[in-house]
Amino acid sequence: VAPPIRGGFFMSGFVVCLGETLFDSTPAGIFLGGAPGNVAVHLSQLGAKVEFASRVGDDLLGREARRRLSSYGVGVSLLQSETTPPRSGGGGGAGDGPGGCETGFVLCEIAPNGDATYTFNEPAAWDVLAAEPALLSAVAAARCVVHGSLALRAPVTRSTLVSVVGAAKRRVFDVNLRPPHVDEPAIASAAAGAWLIKLNDDELPELARMLGLEAGAVGDDAAERASAAQLATATGAAAVCVTRGAKGAALWVAGGEGEGEWSQHSGFAAAVDARDTIGAGDSFLASLILSLLPDEPASPGVRHELDATDALARACAIGAFVASMPGATPKHDADAIERIRAFAP
């Protein structure tokens, strides 16, 4: 019998999250971050079995990242470590090759409304994630593999992700456009064949443009629906999720031949006092993945009898909770999350 996942989910097997490991330096402190790692932590807190694949430096932050991930119940057997001496200044771009890169670190500036902007160190250890046999075996066996667009910035990790794309049964592609770390051809290629694509309302027209599709106006519901449907058709995705920050999210579930279902939720911004938005989208995605994963491991679609509006409500409530807390991976408070979900403005 599959182990129960808090919130009414059941899932056998495991998920692999793959990509950047870094620490977020915010006005409130220094927190473990990086979108794929954040998703892994939130999946684990929701009861899923998760393995995290990344690379850290042979340094204090790398050892601390491993310790913190383990404390959340995230598997770290696929977390690689740099062992060669650090680079001595200068050199090529991010992730050109091995050289003792440090663990990822990012300076986060928080605006009054809680939105964040980021400045990344480079090269970082996660730029040289190797396609080791253990990683490819885990990817092939996993129910689902989660990765984002930021890890495509450097050639070594980008090459590893190409191998992952070929081995995974089912992929979640989390679009995070962080200029100047935007490799448009690589992002367009990674979107092709994804099972679920998640992106925000500003990124939707950008990805549409990269794929040669019509890019609708930001904030226009009809345009977002049309763009999401076109994106699903062009990439073969079973679902496309468009997040809207404080205004909630929408989900297109493909039904074949360009048809599908468009569901929306206005979110729970009024229920919380947002402190920072770092990690809110990652917790949202973790919840949504568990709602959408089909009971049949080989099924190309989403869960049968999916209540998409309920799935969005679950995800928005967790995202709102995280936005009300410092850091990207606060401990879940089930009672607080349920109070948010029950909030009626």
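# Exercises on a predicted structure

Six of the eight residues of helix α6 (residues 203–210) are buried, so this helix is largely enclosed by the rest of the structure. The model is a predicted one, in which local features need pLDDT of at least 70 and side-chain atom pairs count only at pLDDT 80 or more, while totals for chains, interfaces and linings use all residues. Residues are numbered from 1 along each chain as its sequence is written, and side-chain values use heavy atoms, with hydrogens and water left out.

**Exercise 1. Identify the buried residues of α6 and what covers them.**

Step 1. Buried means under 20% relative accessible area, exposed means over 50%, and partly exposed lies in between (1.4 Å probe, protein chains only). Helices (H or I, at least four residues) and strands (E, at least two) are DSSP runs, numbered from the N terminus.

Step 2. The buried residues of α6 are Glu 203, Leu 204, Pro 205, Leu 207, Ala 208 and Met 210.

Step 3. Their cover includes α5, β12 (196–200), α7 (221–235) and β13 (239–243). Contact here means heavy atoms within 4.5 Å.

Step 4. Just after α6, Gly 212 has a positive phi of about 75 degrees.

**Exercise 2. Describe how α3 and α4 pack, and classify the residues in contact.**

Step 1. Helix α4 (residues 155–167) packs with α3 at an angle of about 35 degrees, and the axes are 9 Å apart. Axes are lines fitted to C-alpha atoms, for helices over the stretch in contact, and angles run from 0 to 180 degrees between N-to-C directions.

Step 2. The crossing of these helices, α3 and α4, is right-handed. A crossing is right-handed if the near helix is turned clockwise from the far one by less than a right angle, and left-handed if anticlockwise.

Step 3. From α3, the contact involves Leu 135, Leu 136, Val 139 and Ala 140; from α4, Thr 160, Ser 163, Val 164 and Ala 167 take part.

Step 4. By class, the contact of α3 with α4 has six nonpolar residues, two polar ones and no charged ones. Ala, Val, Leu, Ile, Met, Phe, Trp, Tyr, Cys and Pro count as nonpolar, Asp, Glu, Lys and Arg as charged, and the others, Gly among them, as polar.

Step 5. Gly 166 also belongs to helix α4. Gly 166 counts as exposed because its relative accessibility is 66%. The C-alpha atoms of Gly 166 and Leu 136 are 9.5 Å apart, and the two residues are 30 apart in sequence.

**Exercise 3. Determine whether Gln 80, Asn 113, Glu 305 and Ala 311 are buried, partly exposed or exposed.**

Step 1. Gln 80 is in strand β7 (residues 79–81). With a relative accessible area of 6%, Gln 80 is buried. Residues up to four places away in sequence aside, Gln 80 touches Ser 54, Arg 55, Val 56, Arg 66, Val 128, Leu 129, Ala 130 and Glu 132.

Step 2. Asn 113 lies in the loop between β8 (104–110) and β9. Its relative accessibility of 49% makes Asn 113 partly exposed. Although 162 residues separate Asn 113 and Arg 275 along the chain, their C-alpha atoms are separated by 8.1 Å.

Step 3. Glu 305 is in the loop between α8 (280–292) and α9 (308–323). At 80% relative accessibility, Glu 305 is exposed. Glu 305 is not a glycine, yet has a positive phi of about 55 degrees.

Step 4. Ala 311 is in helix α9. Ala 311 is buried, at 2% relative accessibility. Neighbours within four places in sequence aside, Ala 311 is in contact with Leu 288, Ser 291 and Leu 306.
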